[in-house]
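Please keep the sequence and the structure in view while reading.

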Amino acid sequence: MDTALIYKSNALIEASYRLSVYEQRILLSCISQVRRDAPLTDQQLYTVSAQQIADITGTKLGTAYQNLKAAAERLYRREVTLKEAPNGHGQAKVRLTRWVQTIEYRDSEGMVALRFGTDMVPYLSQLSAQFTRYALADVAHMDSAHAVRLYELLCQWRDAGKREVSTEWLREAFQLGDKYPAIKDFKRWVIIPAVEQINKHSPLWVKWDQKKTGRKISHFCFIFGEKLKEKEKTPQKQSAADCDKAPRSLYGIPMDVIERLAHPGESYDDAALRLLSEAKKKYE
């Protein structure tokens, strides 16, 4: 499951819900199994075992086993509020629904089986636009549900490298309710730990700042980008010829071209593959 990918509609990325990190692990493990080349129905059954959770998170099997059952029972009751307007702007239809319609815990196998709710299917299957993709391994070692949520929100704007959200919108998206009413507590228990975990466990680095409206902190701004790979971290001697080389590319396409032609919410990798496909069709 190291190469498993998560695909979510942007509307689901920006939805309002609250899940524990263990519930997130169950859901994301099942979402990573949704096939991109086949339609998803609400009758499809997905399974994830304590052993799989232990393997992808690097936790002990006993710990994964204990948390799996309790998380499965709570997950059945979890709600999600979906809004069509991005980032809470504009008029939008609001839909209150559930993640799953059926969930069962197979004690003898240490396994959970679930069926996604009917209303969830369009947000997970056959997405061709307005979706966000990231690797399951990116968040597997995070033990903060807020870190997973924030990481998804950053991945949605991955190519921009910057995202600004209002404090109230973020609180609603995380469904914090009456928790951390003081901004200092909100930063201490939500923002700072989430940013630390993203920096520690994910392929992104992130920095944050705050903006005030009057005396009130009204917005948070996140600046982020891809971490350098180990080979890129090692300084190398450059010759004059090296300086004349073509700019960094992906699949043979210069990065400046990919950045210019990428669709909103589309990763560099997806954009490059799409451009290659379009070029191939043009000459067929």
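## The sheet of β9, β11 and β10

In this predicted model, three strands make up an open sheet in the order β9-β11-β10, and their pairing is antiparallel. Strands β9 (162-166) and β10 (204-213) stand at the edges with a single partner strand each, so one side of each has no neighbour in the sheet. On average, and with direction ignored, neighbouring strands of this sheet are turned by 20 degrees against each other.

The pairing of β9 with strand β11 (residues 216-226) is antiparallel and runs over five bridges; within it, Ser 166 has His 219 of β11 as its bridge partner. Two helices are placed against these strands. Helix α6 (residues 145-156) lies across β9, β10 and β11 and runs at about 90 degrees to β10, while helix α8 (residues 183-201) packs on the sheet, where it touches β10 and β11, with a direction that makes about 160 degrees with that of β10.

## The sheet of β2, β4 and β5

A further open sheet of three strands has the order β2-β4-β5, again with antiparallel pairing. Its edge strands are β2 (16-17) and β5 (94-98), each of which pairs on one side only.

How many residues of strand β8 (residues 131-135) are buried? Five of its five residues are, and the strand is accordingly described as mostly covered. In a regular strand, side chains alternate between the two faces of the sheet. In β8, Phe 131, Arg 133 and Ala 135 point one way, whereas Thr 132 and Tyr 134 point the other way, and all are buried; the charged Arg 133 is thus among the buried residues, by the criterion of under 20% relative accessible area.

Strand β1 (residues 5-9) pairs with β8 in the antiparallel sense over five bridges, and Thr 132 of β8 is the bridge partner of Lys 8.

Six bridges connect strand β6 (residues 100-106) and strand β7 (residues 111-116), which pair in the antiparallel sense.

## The packing of α2 and α4

Two packed helices are described by the angle between their axes and the distance between the axes. The axes of helix α2 (residues 21-31) and helix α4 (residues 61-75) come within 9 Å and cross at roughly 80 degrees, which means that α2 is roughly perpendicular to α4. On the α2 side the contact is made by Tyr 22, Glu 23, Ile 26 and Leu 27, and on the α4 side by Asn 67, Leu 68, Ala 71, Ala 72, Arg 74 and Leu 75. These contact residues divide into seven nonpolar, one polar and two charged.

## The chain as a whole

The protein chain has twelve helices and 13 strands, and 45% of its 284 residues count as buried. Among contacts with a separation of 6 or more, residues 24 or more positions apart account for 62%. The accessible surface of the chain comes to about 16,000 Å², of which 51% belongs to carbon and sulfur atoms.

Note on methods
Residues numbered from 1 in each chain as written. Predicted model: local features only at pLDDT ≥ 70, side-chain atom pairs only at ≥ 80, totals over all residues. Heavy atoms only, no water. Axes fitted to C-alpha atoms, helices over the stretch in contact; angles between N-to-C directions. Helix = DSSP H or I, 4+ residues; strand = E, 2+ residues; numbered from the N terminus. Parallel < 35°, antiparallel > 145°, perpendicular 65-115°, else oblique. Contact = heavy atoms within 4.5 Å. Pairing = 2+ DSSP bridges. Buried < 20%, exposed > 50% of the residue type's maximum accessible area, 1.4 Å probe, protein only. Areas by Shrake-Rupley, 256 points an atom, 1.4 Å probe, with all protein chains shown as cover.
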